[in-house]
Amino acid sequence: MRYISYDYYVSNYGGNTIPDEEFNYIASAASAVVVLLVSTPINVITDKIRLAVAYEAETLYAQGGVDAIA
């Protein structure tokens, strides 16, 4: 499950690093990382969750993106 969309990433977060064609895969991986780090189940997707996923997505992209995750 992705907690952010490409539209959120660009419009709300102000991201411009991750290309659209790689975004879904990276955002899914970033969402999984955030789920692992949060100690309680994520029942409501808050702005803090979205922000954490956006930060993690950019970190994963900087570390090699899809090639590094796969």
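Arg 50 and Asp 47 both lie in helix H3, which covers residues 47–62, and their spacing of three residues puts them about one helical turn apart. An α-helix has 3.6 residues a turn, so residues three or four places apart point the same way. The model discussed here is predicted.

The side chains of Arg 50 and Asp 47 form a salt bridge, with an N to O distance of 3.4 Å. A search of the whole structure finds one salt bridge. Side chains of opposite charge can pair when their charged atoms come close. Arg 50 is partly exposed, while Asp 47 counts as exposed. Pro 41, in the loop between H2 and H3, is also listed below.

| Residue | Relative accessible area | Class |
|---|---|---|
| Arg 50 | 25% | partly exposed |
| Asp 47 | 56% | exposed |
| Pro 41 | 68% | exposed |

H3 itself has 16 residues. From its first C-alpha to its last, H3 reaches 23 Å, close to the 22 Å expected at 1.5 Å a residue. The buried residues in H3 are Ile 49, Val 53, Ala 54, Glu 56, Ala 57 and Leu 60. Their cover includes helix H2 (20–37) and helix H4 (65–69).

Gly 64 follows H3 and has a positive phi, near 130°. The C-alpha atoms of Pro 41 and Ala 27 are 18 Å apart in space, and the two residues are 14 apart in sequence.

Notes:
Residues are numbered from 1 along each chain as its sequence is written. This is a predicted model: local features need pLDDT of at least 70, side-chain atom pairs count only at pLDDT 80 or more; totals for chains, interfaces and linings use all residues. Side-chain values use heavy atoms; hydrogens and water are left out. A salt bridge is a side-chain nitrogen of Lys or Arg within 4 Å of a carboxyl oxygen of Asp or Glu. Helices (H or I, at least four residues) and strands (E, at least two) are DSSP runs, numbered from the N terminus. Buried means under 20% relative accessible area, exposed over 50%, partly exposed in between (1.4 Å probe, protein chains only). The expected span of a helix is 1.5 Å times one less than its number of residues. Contact means heavy atoms within 4.5 Å.
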